[in-house]
Amino acid sequence: MKHPIKESFLFYTRNIESMLLLSAVVVLPFLLIHNFTVNYIHFIAALTGGQVVSAFFNLFLLLVFLSVVQLPFAQYVQSELAGEERPVRQALRTFLDQSFAVFVFGIVYVLAVSFGMLLFVVPGVVILVLFYLTPYLTVIKKQPVQQCWKKAFALGKKHFFSILGVILLISAIEWAISVIGLFTVTYITTSFGAVFFTQLLLNVIFFPLMAVMLTMYTHKWMSESANAESVDTGRRDTA
């Protein structure tokens, strides 16, 4: 996989109906729960002066949800690449089968990331990158999350800056899309409902693309690591 970004855009456009269906079924409910919960916490924080707790909870909830909702898209990509039938059904089945285990992992993972960021920032970023690919490896390897986090850690060490770069790229794209959408809507109307609906719609549309891109990159990094290991093995055998 030489050009993951290009291949991700092509894959997304070819399968946009299925991508949007999965996003509507999986991502939209999580976004609604996240927004409702965070707005309530913000309201309580404004009354009690606990803005730091509110920001921490927002980060915590967002990262936990991200860990879970990536599963069906990773499985859909995996099913399409493997030529399996009914990839949407496979994606939803994987989500139902693996979501609880990944959710539990996500809580521990995000707690470590959040506390690392609150203390010194850098440790939180390091933990975020090292274990970020765990949900993707759970799908690609078809193994329990208890085994995949170790493999994600090993992959994270080998490709730390590549993974960090892709995360930053995706974050920048998502931020740019959100800002453009926000300015476009507020130019027409200042209605909170219109702004909220637009942000929600943009996330539902573009989140699948981000998940596809990370799945493609995970395949690329796994292939590079496997090739490097085979080369090392060959050198040792020759020696």
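Analyst: A helix here is a DSSP run of H or I of at least four residues, and a strand a run of E of at least two, numbered from the N terminus. His159 lies in the loop between helix H7 (145–158) and H8. The model is predicted, so local features need pLDDT of at least 70 and side-chain atom pairs pLDDT 80 or more, whereas totals for chains, interfaces and linings use all residues. Residues are numbered from 1 along each chain as its sequence is written, and side-chain values use heavy atoms, without hydrogens and water.

User: Why does His159 count as buried?

Analyst: Its relative accessibility is 11%. Buried means under 20% relative accessible area (exposed is over 50%, partly exposed in between; 1.4 Å probe, protein chains only), so His159 counts as buried.

User: What does the side chain of His159 reach, and at what distance?

Analyst: It reaches the backbone oxygen of Trp221 at 3.4 Å. Trp221 is also among the residues that His159 touches, with Glu224 and Ser225, not counting residues up to four places away in sequence. Touching means heavy atoms within 4.5 Å.

User: What makes Leu202 count as buried?

Analyst: Leu202 has 18% relative accessibility, and on that value it counts as buried. Leu202 is found in helix H9 (residues 192–238). Leaving aside residues up to four places away in sequence, Leu202 touches Ile177, Gly181 and Phe207.

User: How do you know that the buried residues of H1 line one face of the helix?

Analyst: The buried residues of helix H1 (residues 4–14) are Pro4, Ser8, Phe11 and Tyr12. Seen down the axis of H1, they fall within an arc of 100 degrees, so they line one face. That arc is taken over the directions from the helix axis to the C-beta atoms. The face turned away from the buried side carries the exposed residues Lys6, Thr13 and Arg14.

User: Which residues are closest to the centre of the largest pocket?

Analyst: The largest pocket holds about 1,200 Å³ of space. Of the 40 residues that line it, Leu62, Leu66, Ser171, Glu174 and Asn203 are the closest to its centre. A pocket is an open set of points on a 1 Å grid over the protein atoms alone, where a 1.4 Å probe fits, with protein on both sides within 12 Å along at least five of seven lines; lining residues have an atom within 4 Å of a point.

User: Which helix supplies the largest share of the lining of the largest pocket?

Analyst: H9 does, with 10 residues.

Methods: Points joined across faces, edges and corners; volume = space filled by probe spheres on them. Polar contact = N/O pair within 3.5 Å; in protein donor to acceptor, adjacent residues only side chain to side chain.
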